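Let's work through a few exercises on charged side chains and how they pair up. Have a look at the model first, then follow the steps.

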Amino acid sequence: MKKALIFAPFWRQAGHVGNNRVDRFVRWLAADGYHVVMIRAGSADEIREESWGTEITVRDPMGLYRDASPTGVQPPARKPNKLRRALSYWLFNPDPGVVWARAAARHPSVLEAASGAAFILSSNPPESAHVGAWRLSRRLGLPHIVDMRDGWLDEPLKPLLRTSAFRRRREGRLEARILREASAILVTSDVWQELLCKRLPELANKVTVLTNGYPPSMTELVRTEKNQQDAGLVLVHAGRFLGSRLTQSPDLLLQPLLDGVKHKASQGTIKLIGPLSAEELEIIERFVVPFANQDWLIECPGSLPRHELLKLLPQADGLLLLSASYAAIPSKLFEYIPTGRPILVVTERNSATWRICERLPQATLVETRVQPNNLTVQMYLNAVSNTGLMTACPDEFAEEHLSGIMRCVINEISDSQVVPDFLV
């Protein structure tokens, strides 16, 4: 049987919601007849057999990745310490997880399981996952597929890469070496591809765009008849606003929406669903009274389990999306599209999100930090009220199409018998 390795430290790690992208890789590879060997981090060494292959847990010596107890109790989170975090990122290249990654790459159970594998795949963040997979690929002569869910030096998530030229040079050398020796590189948007190939043009022939996609089961994303007793429209935003990209503030979405409802006779509720921080709630609070003056309520009900959220989205009259990133595409967009509901999208012009949404009949685009014509939001509110809205669900984000792209990448590696650069 064919064998494939996946280097994913966060797989099923306590306190982590999961990685839908890695889930897809496992599902696709198993369907194509591969025995998948998942190399993950955890509290103790362990080997488990699964229907799709073998899961190998390598103990994390630094305790960054911790499993729940056998009773299902989550381990207590370490108290945040900004000084400790800053120091650890200065000391370790590219991040503290590299200690685990190096240990996993030489672990006896991993080396034994890796024997005869067709390739090894790693996915970031953290970037240290690529370091571990790269070292293992060099040791065993395996083709290495680098999956970049986010950029590394392009639109970096880590503050140090945005503020320190020394750090960019240091990690830049590591990134370039790993990517040059990789057999294939996957990125999640055409903008990531453009940015990466502009910096490292020699990579152009091995970079492939593989976006995220619709949920595997889209049956949950079906709209049912709305209760006629419900008063007003319901608009929903799923997830947090602030995060690693601190410029993504709730007011970038709420202000143009407020300006629009002032010129449109309507009433309704805006539901901001997710684990909002105190900072986010403080910003949102400034909009509560202005919206109330226009007969609109703002509700922040907190988080919902994923399966409940997927059922809620198509029941909304309209959906709200904010993407302050130029290259990244929010994964929630791929959950929004199949609902068929109108989407108000606030993003940078010509960003990866903009390029997709300008082709969607259900999307209304507002450029970030540019005062929109009030008619734009009014058009969106009209679409929200129009039950006969024409929508589209492009096949390019469906499982069948995306798995086909992945299959082509793997076949190309196999057919050409790609030899890693360091072995040439």
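**Salt bridges, step by step**

The side chains of E194 and R355 form a salt bridge, with 2.9 Å from N to O. That term means a side-chain nitrogen of Lys or Arg within 4 Å of a carboxyl oxygen of Asp or Glu. This is a predicted model, where local features need pLDDT of at least 70, side-chain atom pairs count only at pLDDT 80 or more, and totals for chains, interfaces and linings use all residues. Residues are numbered from 1 along each chain as its sequence is written, and side-chain values use heavy atoms, leaving out hydrogens and water.

**Exercise 1.** Work out where E194 and R355 sit in the chain.

*Solution.* Start with E194, which is in helix 8. Then find R355 in helix 13, 161 residues apart from E194. Helices here are DSSP runs (H or I, at least four residues), and strands are too (E, at least two), numbered from the N terminus.

**Exercise 2.** Find the salt bridge between E127 and K158 and describe its surroundings.

*Solution.* First, the N to O distance is 3.7 Å. Next, E127 is in the loop between strand 5 (119–124) and helix 5 (128–140), while K158 is in the loop between strand 6 (144–148) and helix 6 (159–163). Both E127 and K158 are buried. Finally, salt bridges with shared partners join E127, K158, R167 and E171 into one network.

Note on methods
Buried < 20%, exposed > 50% of the residue type's maximum accessible area, 1.4 Å probe, protein only.
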